[in-house]
Amino acid sequence: MNTLYNISIWIFSVAVHIASLFNPKAKQWIKGRKSIFQKLAEATKEEQDIVWFHCASLGEFEQGKPIIEGYKIKHPTHKILLTFFSPSGYEIRKNYDGADWVFYLPADTKENAKRFIEIVKPIKVIFVKYEFWFNYMTELSRKNIPFYSVSTIFRKEQSFFKYDWFTKQLNNISHFFVQDQNSKELLRNIGFSNCTVAGDTRFDSVITNSQNAISIPLIEQFSENKTTIICGSTWPKDESLLVKYIKDNPNYNYIIAPHEMQHISALKNQTNALLFSKANNTNIRNSNVLIIDSIGILSSIYKYGNIAYIGGGFGAGIHNILEAVAFGLPVIFGPNYQKFKEAKDLIALGGAKRISNYQELKSEIISYLNFDASIPINYIRNNSGATRSIIEHI
């Protein structure tokens, strides 16, 4: 199985190289790792007490961010190395000032793992949520470097609970900080007791974000006189429903922040929208649809809304709903939400609704026009505190 795993890593790397010829994201994946070890060596030369945090992408970064910042407060002399697997995380957070260095993670080959760890010499390592790179984990264990898995969720369908080889890889983890009791029970059933139910650090992150949200006067002006529906991280399948709803309901204001920018032009034409980059104090009042063509401001935009539609639910899974919930907004999303505990929790509380078609979208928006914001806000507060628990341990 170890050989098959290493072959799969090699096949993936080859596939990304081929895809980079025509796919911009794959091209960034390759380009960002060029001369990576030389850059790492130059950056960390003669440094000590390096703590390595790794996140797959932007969503995992939001879970890791409060731990990074809390850890830095407790250990100000330690250096923070932050790595990303995905360009969508690295490109947005490569200048994050909470870390001393931000890099891409080299592919998980045995050679890369040994070389990376030999250069960095981390004193402890924290991987966020679903990140389990087995050659890195093995090398860290071999060198007796503490390795922590944080904000983790396990499900019985995962390979760890089906195949012995995958189960054995978990022996390389010093301690698990899981989000829920079910994850702890799954680990206990396969012999792991080094586990704490800490919760999800995103709750701490979104509380901080909501308290420090940036002011955006143009959006405040746009949203001040009408009910405003904010559509965050949308994909084409989400937008096909939203475009129809917007045409049928011009009495509301809409802010759309697509997950990817490639199809903004078509969306603009379908909705007669104004691009945020072209907005000014005059034309902001001439359209009831505003498309956000800037990166990094969505989490602050939610404070100007009344209802949030979160994209991804007609694809692989919904995007971050907690950013909107932290401002007291009810959320609506597509049918693929089952892997997200917060979505199921909020549906049960009445703070979230799932939809699968246009009629349901219409019905649920109407149901949220008079909404008690204390429901989502209390949910966020009641689930905060994971960061403190983790930092006290590590």
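**Figure 1. The crossing of α4 and α19 is right-handed.** This close-up is taken from a predicted model. Two packed helices are described by the angle between their axes and the distance between the axes. Here, helix α4 spans residues 58-74 and helix α19 spans residues 386-393. Their axes come within 10 Å and cross at roughly 50°. Helix α4 is therefore oblique to α19.

**Figure 2. Residues of α4 meet residues of α19.** In this view of the predicted model, helix α4 contributes Pro-66, Ile-67, Gly-70, Tyr-71 and Lys-74 to the contact. On the side of α19, the residues are Thr-387, Ile-390, Ile-391 and Glu-392. By type, the residues of this contact between α4 and α19 comprise 5 nonpolar, 2 polar and 2 charged.

**Figure 3. Ser-35 has a positive phi in the loop between α2 and α3.** The loop shown lies between α2 (24-32) and α3 (36-44). Although Ser-35 is not a glycine, its phi is about 55°. Ser-35 has a relative accessible area of 38%, and is therefore partly exposed.

**Figure 4. Lys-121 has a positive phi in the loop between α6 and β4.** Here the view moves to the loop that lies between helix α6 (110-120) and strand β4 (122-128). Lys-121 is not a glycine, yet its phi is positive, at about 50°. The relative accessible area of Lys-121 is 51%. Because exposed means over 50%, Lys-121 counts as exposed.

Conventions. Residues are numbered from 1 along each chain as its sequence is written. This is a predicted model: local features need pLDDT of at least 70, side-chain atom pairs count only at pLDDT 80 or more; totals for chains, interfaces and linings use all residues. Side-chain values use heavy atoms; hydrogens and water are left out. Axes are lines fitted to C-alpha atoms, for helices over the stretch in contact, and angles run from 0 to 180 degrees between N-to-C directions. Helices (H or I, at least four residues) and strands (E, at least two) are DSSP runs, numbered from the N terminus. Angles under 35 degrees count as roughly parallel, over 145 as roughly antiparallel, 65 to 115 as roughly perpendicular and the rest as oblique. A crossing is left-handed if the near helix is turned anticlockwise from the far one by less than a right angle, and right-handed if clockwise. Contact means heavy atoms within 4.5 Å. Ala, Val, Leu, Ile, Met, Phe, Trp, Tyr, Cys and Pro count as nonpolar, Asp, Glu, Lys and Arg as charged, and the others, Gly among them, as polar. Buried means under 20% relative accessible area, exposed over 50%, partly exposed in between (1.4 Å probe, protein chains only).
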